[in-house]
Amino acid sequence: MTEAEVLDGAALAEIEGMLSTLSTIFTDAGYAPVQPAHLFPAEALLDLYGEDIRARAYLFPDPAHGGELCLRPDFTVPVAIAHGAEGWERPGKYCYRGPVFRQQEAGIDRPTEYVQAGIEDLGGADRAAADARVFALIQRGLDALSAPPRRTTIGDLGIVLGLLDKLEMPANRRRQLRRHIWRPARFHQLLDTYGRAQPAPSERRAALFTALSDDRFDALVARAGDVVGLRSLSSIRERAEALASTRDEAPMPASQIALIEAVLKLDCSAREAPQRLARTIGTVVDLTAEIDEFSVRLAALDEAGINLDDIRYEAAFGRNLEYYDGFVFEIVAKGAETLPPLAGGGRYDSITARLGATASHPAVGAMVRPETVARARSWR
């Protein structure tokens with residue numbers, strides 16, 4: 001059975017049954033049903049992800065109101081926006097079900113429309129308890145759907161981000177590494193670049209740096225002719241100043257690069273993870289608070305009946321999941337790892353501020369893909 005075939009007949013009834021089962025489990029656990037519109041203003045996604053989102057989401061002009069509309073690529077952003085409209089400070093627990101829409105790269109056999117059922121847990125003061133609650137509820141949902149044996153991976157982006165924050169380095173270098181932590185290939189390319197002495201600037205770039213230092217930037221631009229493209233002069237100046245500020249920076253110490261890479265390579269059972277992290281980081285930086293917070297979450301999972309020995313901790317996991325900034329997890333069917341995940345989710349506190357809150361607020365959520373569960377149950 002392919003995911004496209006669930007649109008009719010017995011397959012559709014099977015998926016609808018799974019959605020109903022999940023909805024009952026979520027509402028019985030205190031999550032209020034919500035149904036965001038299929039279309040919502042694209043501005044929020046563009047602010048979060050920049051123009052890159054156009055390659056992954058469906059955006060359309062909005063003749064009635066100007067700007068653009070977006071077919072929801074997931075439920076998290078529209079649910080969070082709706083919650084914030086009523087006040088970010090208050091707690092809110094929501095569940096949802098329905099289709100989402102994603103562009104796929106050419107040659108990738110993934111659906112552009114599929115259904116999700118999930119939960120969002122916003123504003124809860126006890127982050128560890130909320131993480132464990134969401135994780136356990138998703139596992140309970142998969143059990144109720146008779147999902148096949150599965151492999152669960154967790155990560156904690158707070159560990160990696162904390163490491164970058166506490167290592168001594170120039171501010172722009174830290175900013176770039178944090179910015180690209182969710183783009184592993186670019187992140188490791190930056191580490192390689194920062195570890196080498198910078199080459200002498202080209203003749204044109206040297207002229208640009210000289211013009212900046214002599215306050216002749218505007219004259220240099222005027223001599224170059226009309227501005228071509230969408231970038232403003234102020235944006236061009238900011239980029240040029242950023243390049244100039246880094247030209248005399250010393251290479252990143254090899255010991256720093258080795259430590260970052262060693263942490264990112266950690267792969268062990270969840271139960272072992274805090275001790276392995278502490279041994280790897282040693283006394284180079286003080287990540288006691290971050291590791292303690294991670295340990296408290298693991299204790300909450302253990303108390304919720306989750307066997308930590310059956311869960312893998314991968315320090316690098318979650319670095320391609322865009323807006324997550326803390327606890328992350330993914331559940332796949334054993335023996336059918338080529339299928340999309342059965343379920344996944346994580347913590348995304350930081351994007352609440354980028355969606356309009358005056359400060360970051362606690363936020364964690366997760367979703368199940370019933371169509372993938374159906375395929376995995378019949379996988380051969």
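Modeller: Happy to. Bear in mind that this is a predicted model. Let's start with the sheet. It is an open one, built from three strands in the order β2-β4-β3, and the pairing is antiparallel. The edge places go to β2, residues 39-41, and β3, residues 58-61. Each has a single partner strand, so one side of each is left without a neighbour in the sheet.

On to the helices. Take α5, residues 157-166, and α13, residues 288-303: they pack at an angle of about 175 degrees, with their axes 9 Å apart. An angle over 145 degrees counts as roughly antiparallel, so that is the label for α5 against α13. On the α5 side, the contact is made by G158, I159, G162 and K166, while α13 brings E290, I291 and F294. Sorted by class, the residues of this contact are three nonpolar, two polar and two charged.

The other pair is α7, residues 184-194, with α11, residues 254-264. Their axes come within 10 Å and cross at roughly 155 degrees. That again makes the helices, α7 and α11, roughly antiparallel. The crossing of α7 and α11 is left-handed. From α7 you get F187, H188 and L191 in the contact, and from α11 you get I257, I260, E261 and L264. Here the classes come out as five nonpolar, one polar and one charged.

Last, the strand residue. A333 belongs to strand β10, which covers residues 327-333. With a relative accessible area of 3%, A333 is buried, since anything under 20% counts that way. So what does A333 touch? Leaving out residues up to four places away in sequence, A333 touches P148, P149, R150, L342 and A376. P148 deserves a click of its own: P148 and A333 are 185 residues apart along the chain, yet their C-alpha atoms are separated by 6.3 Å.

Technical notes: Residues numbered from 1 in each chain as written. Predicted model: local features only at pLDDT ≥ 70, side-chain atom pairs only at ≥ 80, totals over all residues. Heavy atoms only, no water. Pairing = 2+ DSSP bridges. Helix = DSSP H or I, 4+ residues; strand = E, 2+ residues; numbered from the N terminus. Axes fitted to C-alpha atoms, helices over the stretch in contact; angles between N-to-C directions. Parallel < 35°, antiparallel > 145°, perpendicular 65-115°, else oblique. Contact = heavy atoms within 4.5 Å. Nonpolar A, V, L, I, M, F, W, Y, C, P; charged D, E, K, R; others polar. Left-handed = near helix turned anticlockwise from the far one by under 90°. Buried < 20%, exposed > 50% of the residue type's maximum accessible area, 1.4 Å probe, protein only.
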